[in-house]
Amino acid sequence: MENKTKDENFDLIQNNPKKAIRKMSIPIALSVFFLILNSLVDTAWVSGLGPQALAAVGFITPLSMALAGFGTGLGAGANSVIARYLGGDNLKRANNSATHSVVLGLGIVIVLTVLLFIFKDNVLLALGAKDVMNWGRPFIFWVIIGLFSVVLPGIFGGILRSNGDVKRATYPLIAAAFVNMIIDPIFIYTLGFGIGGASLATTLAQIIFGLCPMVYWLFIKKDNIVDINLKDFKSDSSIYKDILVVGIPASLEEFVMALLSAIVNGILVITAGTTAVAVFSAAWRLIGIGVTPAIGVGTAAVTVIGAAYGAKNWSNMKTAFNSAIEMGLWLSLAVCVIFYIFAGDLASLFAFSPKNVALAPQIAESIRILSLYIVVVPFGLVATFFLQGVGKGLKSLVLTFIRELIFVVLGVLFFTFVMNWGTNGVYVGMIVGALIGSLIAYGVARRDMFKTIKKGS
């Protein structure tokens, strides 16, 4: 490479893909775990304000997921493109891709913040929070104000991961989540900010402990393989295209998941009322933690597969794909068993308030059923991450759309209304739909992998 040499992290990516995925997936999974745990703690503390406050957070959660998706999506685009250029020994193009990712992220942050601030009430209504608007407004306010503290670390993390620097891409996020857990009750109860205090505490923790360290490493210390140079930046539409081909679909995949949550919330309101949304919100956040091992493995695979694709090392690409599937499946199975056994204890996290004690048995039952969802997702997740790694972002998005908004929604509608299973039908439908969609995604990705190998050989 020009002027710089690959460090030991990137050497591992190119020389031992299986070990690289194992090494990278652990800190990534931990960061996702703490981010979701962070949201879970918000929910747990807010539940002390009553079922309406808990429901308000449940309605706004899809928006929070979608906003975070813009950062992680652009980060995935940056990760894929930079890793491919690094694998192909093109440092200049890798540097330009990193700089363009930052510029793109800043533009999106400005536009989204302004639009969401102007139309925040309309957004709340669209999310189904009509009955809890007074609870939703103070919470969503700081979610919007702190949007940059969610989007930019997602992009910066993608840049760092493309270098194999997973620790610095993830540890600040873990620190921010940990600090938020501590200051949450202070802002909500001690300082008397109520439900808005939960999102304010999260925003402050993300800025100070998540965003600031990454800014220092990337823009001041500058000790990474790639160099972000905003001073001499010159716009290049071809680089934007490379990033967005993966970044937009990856961002929209998060939106699809957020839309799915909103749809499920709407069906639950129709079938069982607002309380059912509060129960689902609590259980679904725990399930989100349960899928973190698969997400960690899949995210690590993007870098390893991207580097192998750029270097035309088909053996490494195949090894990375198969290792990610195997590792994700076994880890998910272990988490599923733990969640099923300790469902009652996990549900108690949301029942510390006398107002919510009655919800604990319902939450526990929801966790037991939805724990099976954890086992079916690795095939679909790794398949979409593989496609992102080789630059096929649109196909990744289409498969996510088919899995979540066709098979899962159809499954929910079938078991809820045709089979008349009520709330349990919602959960069973999600599991069955996700299983069918995931297997289809796996088949498509595997076929594409072998077609790529045959064409490149």
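1. How do the axes of helix α2 and helix α8 come together, and at roughly what angle do they cross? In this predicted model, where local features need pLDDT of at least 70, side-chain atom pairs count only at pLDDT 80 or more, and totals for chains, interfaces and linings use all residues, residues are numbered from 1 along each chain as its sequence is written. Side-chain values use heavy atoms, with hydrogens and water left out.

2. The axes of α2 (residues 17–46) and α8 (residues 166–190) come within 8 Å and cross at roughly 10 degrees. The pair is therefore roughly parallel (angles under 35 degrees; over 145 is roughly antiparallel, 65 to 115 roughly perpendicular, the rest oblique). Their crossing is left-handed (the near helix is turned anticlockwise from the far one by less than a right angle). By class, 19 nonpolar, four polar and two charged residues form the contact of α2 with α8.

3. Helix α4 (residues 91–118) and helix α6 (residues 133–145) have axes that come within 9 Å and cross at roughly 160 degrees; α4 and α6 are therefore roughly antiparallel. This crossing of α4 and α6 is left-handed. Thr113, Leu116 and Phe117 of α4 make the contact with Phe141, Ile144 and Ile145 of α6 (heavy atoms within 4.5 Å). By class, these are five nonpolar residues, one polar and no charged.

4. The count of disulfides (cysteine sulfur atoms within 2.5 Å) is zero. Cys336 is buried, at 7% relative accessible area, while Cys212 counts as partly exposed at 44% (buried is under 20%, exposed over 50%, partly exposed in between, with a 1.4 Å probe and protein chains only).

Note on methods
Axes fitted to C-alpha atoms, helices over the stretch in contact; angles between N-to-C directions. Helix = DSSP H or I, 4+ residues; strand = E, 2+ residues; numbered from the N terminus. Nonpolar A, V, L, I, M, F, W, Y, C, P; charged D, E, K, R; others polar.
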